[in-house]
Amino acid sequence: MADWALWSARSRRFLSSCWRLLQEPELRSGVSGHRRLCVAETGLKPRRDKFGGVSLNLAQLRSPDSLDQAAFGRWLQGAIKQWRAEGHVAVWLHVPILQSRFIVAAAEQGFTFHHAESDSATLAVWLAEGHSRLPVYATHQVGVAGAVLDTHTGKVLVVQDKNKTRNTWKFPGGLSEPGEDIGNTAVREVFEETD
């Protein structure tokens with residue numbers, strides 16, 4: 001029952017803000033006289049993630065041409081304020097290339113580019129206190145292995161693969177961290193896997 005009351009109160013506040021937006025002349029009609037959509041009518045559904053963030057995908061927009069950039073910016077500003085008050089730590093904004101005009105409104109709210117793919121860009125803003133703890137986007141992964149040779153016995157160090165169910169042996173190794181020297185990675189992985 002408490003969840004219903006909380007959801008109901010949030011819904012009333014949200015609908016009230018949409019009503020105020022619809023009262024603004026530039027949102028009631030576009031240049032051609034067509035009514036502009038309130039963000040609530042667009043189909044956007046923010047999704048909360050398990051890390052305390054919120055993800056918003058603009059591909060959900062039912063009619064992107066009907067959403068005014070200024071209205072989106074005002075809605076985003078209010079949504080960020082609410083998400084921050086609710087204790088969310090970050091917001092991820094996924095923007096398909098054909099809706100890239102909304103990037104300006106997002107940038108005005110503090111969003112920065114996180115990564116891009118051929119048909120979309122992902123922006124992020126850190127809401128929590130302190131510096132951003134959002135992970136950097138990996139553009140590639142570098143696997144490194146270390147070969148350890150005992151020159152007195154001629155033996156080579158191998159380790160049993162922990163992730164396999166079969167009796168598999170390999171040189172100690174793993175993935176290099178972004179910006180890490182591969183020689184340092186090899187040394188680190190040998191120590192990690194022989195500890």
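1. Let's start with Thr 112, whose bridge partner in β5 is Ala 124. Thr 112 belongs to strand β4, residues 112-116, and this strand pairs with β5 in the antiparallel sense over four bridges. The two strands form a hairpin, with three residues between them. Please keep in mind throughout that this is a predicted model.

2. On its other pairing, β5 meets strand β3 (residues 90-96), and here seven bridges join the antiparallel strands. A handy place to look is Leu 93, which stands opposite Leu 123 in β5.

3. Now for the aromatic residues. The structure holds three aromatic pairs. In one of them, the ring centres of Trp 75 and Trp 83 lie 6.2 Å apart with the planes at 85°, so this pair counts as edge-to-face. Trp 75 and Trp 83 are both buried. Ring pairs also bring in Phe 72 and Phe 102, which join Trp 75 and Trp 83 in a cluster.

4. Last, a look at the second largest pocket, with a volume of about 280 Å³. Its lining comprises 14 residues, and those nearest the centre are His 140, Gln 141, Ser 176, Glu 177 and Pro 178. Sorted by class, the lining of this pocket has seven nonpolar residues, five polar and two charged.

Terms used
Residues are numbered from 1 along each chain as its sequence is written. This is a predicted model: local features need pLDDT of at least 70, side-chain atom pairs count only at pLDDT 80 or more; totals for chains, interfaces and linings use all residues. Side-chain values use heavy atoms; hydrogens and water are left out. On a 1 Å grid over the protein atoms alone, a cavity is a set of points where a 1.4 Å probe fits but cannot get out, and a pocket is an open set with protein on both sides within 12 Å along at least five of seven lines; lining residues have an atom within 4 Å of a point. Grid points are joined across faces, edges and corners, and a volume is the space filled by probe spheres set on the points. Ala, Val, Leu, Ile, Met, Phe, Trp, Tyr, Cys and Pro count as nonpolar, Asp, Glu, Lys and Arg as charged, and the others, Gly among them, as polar. Two strands pair if DSSP finds at least two bridges between them. Rings of Phe, Tyr and Trp (its six-membered ring) pair if their centres lie within 6.5 Å; planes under 30 degrees apart count as stacked, over 60 as edge-to-face and the rest as tilted. Buried means under 20% relative accessible area, exposed over 50%, partly exposed in between (1.4 Å probe, protein chains only).
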